[in-house]
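I looked up where they sit and how buried they are.

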Amino acid sequence: MFKQMKLVAGQVYRTKIKTPTFWLTVLTPLLLPIIGLIIGFVIAKTSDHSPARLAIVDNTALVQTLKTGKVLDAKISEVADVKTAKQKILDEKLDGYLVKEDGKYTLVAGTDSTTKFNETTVKTALSQIELAEKASHLKLTTEELVSLQTPANLTMKTLGKKGESSGGEAKNAANNAISVLISVVIFMLLMIYSNMLAQEIANEKSNRIMETLLAATSTKVQYFGKILGVGLLVLTHIVFYVVLGVVAAIVLKDNQMVESAKSMVGGVDMSFLLYAVLMLIVGLAAYLFLTAITASLVNDQSQVQQAIAPISYLSLVGYMAGIFGAEVPNNIVLKVLSYLPFVSPTFMPSRLALEISTSTEAYIALAIQLIALVLVAKFGERIYAKNVLSYSDEKIFKQLIRNLKK
């Protein structure tokens, strides 16, 4: 039986992987970041990188301070009054002007200027100047001023049953980013491959090919073989992205986006990453078996979307609970949902990342999901065998309820 299952899985895998549609599906999510990189590269190459032209209104001391300290990436000049500054902006001779009145600063930027001022950067620079002036009035030395500006040295650690570990917010942020990524990956792969599996089964039923196949094999072989074949396609998809990511990290090692991604991955707790990957595998497998169950109830291609829609909504429950549940982490409903099969794969990783749930609780949720996977696989085998040659005109939901009752 295993040899026959391998043949079915191989046939599904080879048929799909040779089609342009499969590779278009794999590459489509990459189009947006690739287009973004191209546009960013073109803009960077064609943009004018000359510093902004900033005029200071009637304040020689501030002009000298800005020029000497070089705290702003701008070409500093001085004008006698606001009227002159405004006219120069309208004549496109200035990008903006800065005026200080009653201890308050006002920055006016030209709307037609190609160079824009960053409010945070300007505010930080002016704050440094103000601090230096106050230090001078208080007769503080440079060393004393630097000492005042030095932030506190803080090391964040977490304490659990396994002992202390370092990381703090940086580790939690990296873990949370990975948990969000896992949720997105589950949802994306689910959309692609549940539809693919359902289309495969629906095509064989509508064309009566299944009757021929079952003359040579069993429903069990077809059921597990198809899921194994689609599972191999999922694995190919993931490995392709991993290899592409490694190549991008090597080729684009100086790219800011790549460096940010590398720093995020570097901050991830390895034990959390292992858990997240295990939950991804078990969760996706369970969803594929669930898809095979609903797909066995369809009669033609037009019913495929109707069959997989409830599965899509189910996968969204955990993702949405993770987003809204961060505000009320100890809510009893959310705690229960984090253990619920088919919801926990997209919910529990986020709770573990934020240390709302412990590692023990997380692995209990994984064990429950694994048990649900085995039960759904065995239960689905019976429903698949019963319905794969059935051509009922009833709605899919009614058929499913009737099968559950029996």
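**Entry 1**

I looked up aspartate 95 and found it buried (under 20% relative accessible area, with exposed over 50% and partly exposed in between; 1.4 Å probe, protein chains only), at a relative accessible area of 3%. The model is predicted: local features need pLDDT of at least 70, side-chain atom pairs count only at pLDDT 80 or more, and totals for chains, interfaces and linings use all residues. Residues are numbered from 1 along each chain as its sequence is written, and side-chain values use heavy atoms, with hydrogens and water left out.

Aspartate 95 forms a salt bridge with arginine 53, at 3.3 Å from N to O; the term means a side-chain nitrogen of Lys or Arg within 4 Å of a carboxyl oxygen of Asp or Glu. Arginine 53 is in strand β1 (residues 52-57) and aspartate 95 in the loop between α4 (82-90) and β3 (96-101), so the pair ties together parts 42 residues apart in sequence. Helices (H or I, at least four residues) and strands (E, at least two) are DSSP runs, numbered from the N terminus. Arginine 53 is partly exposed, at 30%.

**Entry 2: Other pairs**

I searched the whole structure and noted 5 salt bridges. One of them joins glutamate 200 to lysine 16, with the closest N and O atoms 3.5 Å apart. This pair links helix α7 (residues 168-206), which holds glutamate 200, to helix α1 (residues 2-17), which holds lysine 16, across 184 residues. Glutamate 200 is buried, at 14%.

I also checked lysine 378 and glutamate 381, whose salt bridge has its closest N and O atoms 3.7 Å apart. Both lie in helix α15 (residues 359-387), 3 residues apart, about one turn of the helix. Lysine 378 is partly exposed at 47%, whereas glutamate 381 is buried at 17%.
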